[in-house]
Amino acid sequence: MVDHSYAYRLIAKENKKRRNTAASARFRVKKKLREQALEKTSKDMTVKAEILENKARELEKEIKWLRSLIIEKDARLLDIEHPKEQPDQD
């Protein structure tokens, strides 16, 4: 006579093992997808940071150029308003 409870336990154990293996496989797939998404986000953010750094450099150059124009114009205005005094010719 076959012990039915032993057979049921063996079947249940195998069933549990299959479910656990499937769950582990699903977990690995989800983990890999999360890692890929993080890598893509990281790359996108790196590209965006580089673009913003380049834009900041361009704006800094523009600011320097505009400042130089303002300083040049102010210097000319100062020269016109207050002409340089002529040295005494005694």
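Which side chains meet in a salt bridge? In this predicted model, where local features need pLDDT of at least 70, side-chain atom pairs count only at pLDDT 80 or more, while totals for chains, interfaces and linings use all residues. Residues are numbered from 1 along each chain as its sequence is written, and side-chain values use heavy atoms, with hydrogens and water left out.

The pair is Asp-44 and Lys-40, joined at 3.0 Å from N to O. The structure holds 1 salt bridge (a side-chain nitrogen of Lys or Arg within 4 Å of a carboxyl oxygen of Asp or Glu). Helices here are DSSP runs of H or I with at least four residues, numbered from the N terminus. Lys-40 is exposed at 51% relative accessible area, whereas Asp-44, at 40%, is partly exposed. Buried means under 20%, exposed over 50% and partly exposed in between, with a 1.4 Å probe and protein chains only.

Patches take residues with over 30% relative accessible area and no salt bridge, joining nonpolar side chains (Val, Leu, Ile, Met, Phe, Trp, Tyr) within 5 Å and like charges within 9 Å. Areas follow the Shrake-Rupley method. Leu-66 sits in helix H1, residues 4–81, and is partly exposed at 37%.

A patch of positive charge gathers Arg-26, Lys-30, Lys-31 and Arg-34. Lys and Arg count as positive, with the charge placed at NZ of Lys or CZ of Arg. Lys-31 also belongs to helix H1 and is partly exposed, with 38% relative accessibility.

Definitions and conventions
Helices (H or I, at least four residues) and strands (E, at least two) are DSSP runs, numbered from the N terminus. Accessible areas come from the Shrake-Rupley method with a 1.4 Å probe; for residues, only the protein chains shown count as cover.
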